[in-house]
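Welcome! Let's take a friendly walk through a protein model and look at a few of its features one by one.

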Amino acid sequence: MTVLKRLALRSALGISLLLVLLAASFTLATPARAHAILVSSSPTADTVVPAAPAQIVLTFSEPVREVPGRIRVIGPDGRRIDRGKPTFNGPLVTIPVDQNVPRGTYLVSYRVISADSHPVAGGFTYSVGERTSPPDDSAAESRVDSVVATAVVVAKFLGYAGLVLLVGPVMVLTLLWPRRLSRTVPGRLIWAGAGLVAVSTLGGLWLQVPYTAGGGLFDVDTDGLMAVLGSPFGAAQLTRLGVLLAATLLIRPIVTGAGGRADRVILVLLALVGFVTWPLGGHPAASPVPPISVVADTIHLVSMAVWLGGLLMLVLFLLRWANDTELGAILPIWSRWATLAVAGLVLAGVVQGLLEVGSLTALVSTTYGRLLLVKVGLVAVVLLVAAYSRHLVYKGLAAQRPGRLRRAVWGELAITALVLAVTSTLVQTTPARTAVIDQATADYFSTRLTSRLYSLQVELYPARRGNNSLHLYAFTPDGQPQRVVEWKVTAALPAKGVEPIDVPLLSLTDSHVTGEVSMPTAGDWEFRFTLRVSDIDQATVTVTVPIT
């Protein structure tokens, strides 16, 4: 076998190893689930209202965007009663509906796009006057096509693989590669990485159309594609393609060894812009603190690409080709790189974990939290193996016995396969902070209060000790949205001497407000609602809410 063939085989081995790592993570991944949830609605799900509402209001846990034609309200006679286009205002979706409708049960089905670019689909029923058999809406398909869901995951993994093959080898060739060694085969890794990133990005743009709309793999039309290209997700993908095209012009001289300092500086700036497009098109953009999440996720990606890409270059080429003198100079530098990269991975992961988990309860009570604990344990093992590798380097044993270091590096890569497996599952799992909200809204307090001036829908969740979210919807006696000039809400617990507490409110529309109220003690809390609907007209209603 010629030297060139051996080099080609080793490169193929490196690519295969990376794809195996990613495939291992794919096999453990769960189907993609959106990270926005419906936290309340007006009318409330499964309730009977005395008069037909003029509009239906959906409140999600984060801002959502429209999927054209995928919000429907079906009456008991099978007729659609939604009129005109729904209005989207952050997390609020307002659906105008016909009021001249028969008594019975109505079905509200929806499909929207979460702030993190995932589709959110579901439905619920409410009844006007009396309950009847719920209508059927065969067009309201809520699931993502399984082939499309799989293709989306594969496209993401190809992009991560491309980053590893692109970034690590470029850094090693630029800063650590001995002049006497050939750059041909490592250069092929770089071009393979650039190709994978391009294929992943183009595939992601195509797949986003059926993924959000709920169609099949080839259900892509011009309108859907233009909608994706005009979204934040599309802008991030197009920016990535532009950065990749510009970067390839600068990578070529670096691969051949002719790149200058200016080329390297520009390439670093382009790389940073390119890395940011990943979090901007995904979950970090929808976190409670997007700037921090985006920065943390960018650091996480950079560290991953530098560390794994450098390990591949080390185990496939440098430990086999470089002589003792060269390894003695290279390995201490690489050890410092690896230490910084792993530190970046850990610190960025901690920040992301804190933002996505939110509380100790969520850490231990949700799937996301438990997976995060498993990942932390695996990373701890990787750090131990990396510490052993670092020990070999600083004791001078790595250059003398490269086989021992090679086995340690293979161990790092093997454990990393498990880390990637858990990470891929985390990416597809509802964050703990959202899962806790979902658990809370599964059992919340809801009631309808009436006065001579208005009726008031009250929703409080989770109706347990601690912080609670309050939503109030005002209606006229005939079911129209009621414009409220002034709202005042107090909460008290007389049985335990808790005097009335003013609840601060945030106006979302003229007839809908929200607020946060802290109830540290269990018991029957008394809420008092005073609504002024004109300069002189106001009325007060009260309700007792059991808090457990």
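## A pair of tryptophans

Let's start with Trp 177, which is buried, with a relative accessible area of 6%. Keep in mind as you look that this model is predicted. Trp 321 has a relative accessibility of 16%, so Trp 321 also counts as buried, since the cut-off for that word is under 20%.

How are the rings of Trp 177 and Trp 321 arranged? Their centres lie 6.0 Å apart and their planes meet at 75°, so the pair is edge-to-face. Trp 177 sits in the loop between α2 and α3, while Trp 321 belongs to helix α7, so the pair ties together parts that are 144 residues apart in sequence.

## Another aromatic pair

The structure has a count of 7 aromatic pairs. One of them is formed by Phe 60 and Tyr 110, an edge-to-face pair with 5.5 Å from centre to centre and 80° between the planes. Because Phe 60 lies in strand β3 and Tyr 110 in strand β8, this pair ties together parts 50 residues apart in sequence.

Are these two residues buried or exposed? Phe 60 counts as buried at 3% relative accessibility, and Tyr 110 is buried with a relative accessible area of 10%.

## Strand β3 and its sheet

Now follow Phe 60 back to its strand. In β3 (residues 55–60), 6 of the 6 residues are buried, so the strand is largely enclosed by the rest of the structure. Here is a handy rule: in a regular strand, side chains alternate between the two faces of the sheet. In β3, Gln 55, Val 57 and Thr 59 point one way, and Ile 56, Leu 58 and Phe 60 point the other way.

Which strands pair with β3? Strand β1 pairs with β3 in the antiparallel sense over 4 bridges, and Ser 42 has Val 57 in β3 as its bridge partner. Strand β7 is joined to β3 by 5 bridges, also antiparallel, with Ile 56 opposite Ile 95 in β7.

Together, the 4 strands of this open sheet follow the order β1-β3-β7-β6, with antiparallel pairing. Strands β1 and β6 stand at the edges with a single partner strand each, so one side of each has no neighbour in the sheet. From one strand to the next, the twist averages 15°.

## A cavity inside

Searching the whole structure turns up 1 cavity of 30 Å³ or more. The largest cavity holds about 30 Å³ of space. Its lining includes Pro 43, Val 49, Arg 448 and Phe 475, and the lining residues divide into 5 nonpolar, 1 polar and 1 charged.

Terms used: Residues numbered from 1 in each chain as written. Predicted model: local features only at pLDDT ≥ 70, side-chain atom pairs only at ≥ 80, totals over all residues. Heavy atoms only, no water. Buried < 20%, exposed > 50% of the residue type's maximum accessible area, 1.4 Å probe, protein only. Helix = DSSP H or I, 4+ residues; strand = E, 2+ residues; numbered from the N terminus. Pairing = 2+ DSSP bridges. 1 Å grid on protein atoms, 1.4 Å probe; cavity = no way out; pocket = protein on both sides within 12 Å on 5 of 7 lines; lining within 4 Å. Points joined across faces, edges and corners; volume = space filled by probe spheres on them. Nonpolar A, V, L, I, M, F, W, Y, C, P; charged D, E, K, R; others polar. Axes fitted to C-alpha atoms, helices over the stretch in contact; angles between N-to-C directions. Phe/Tyr/Trp six-rings, centres within 6.5 Å; stacked < 30°, edge-to-face > 60°.
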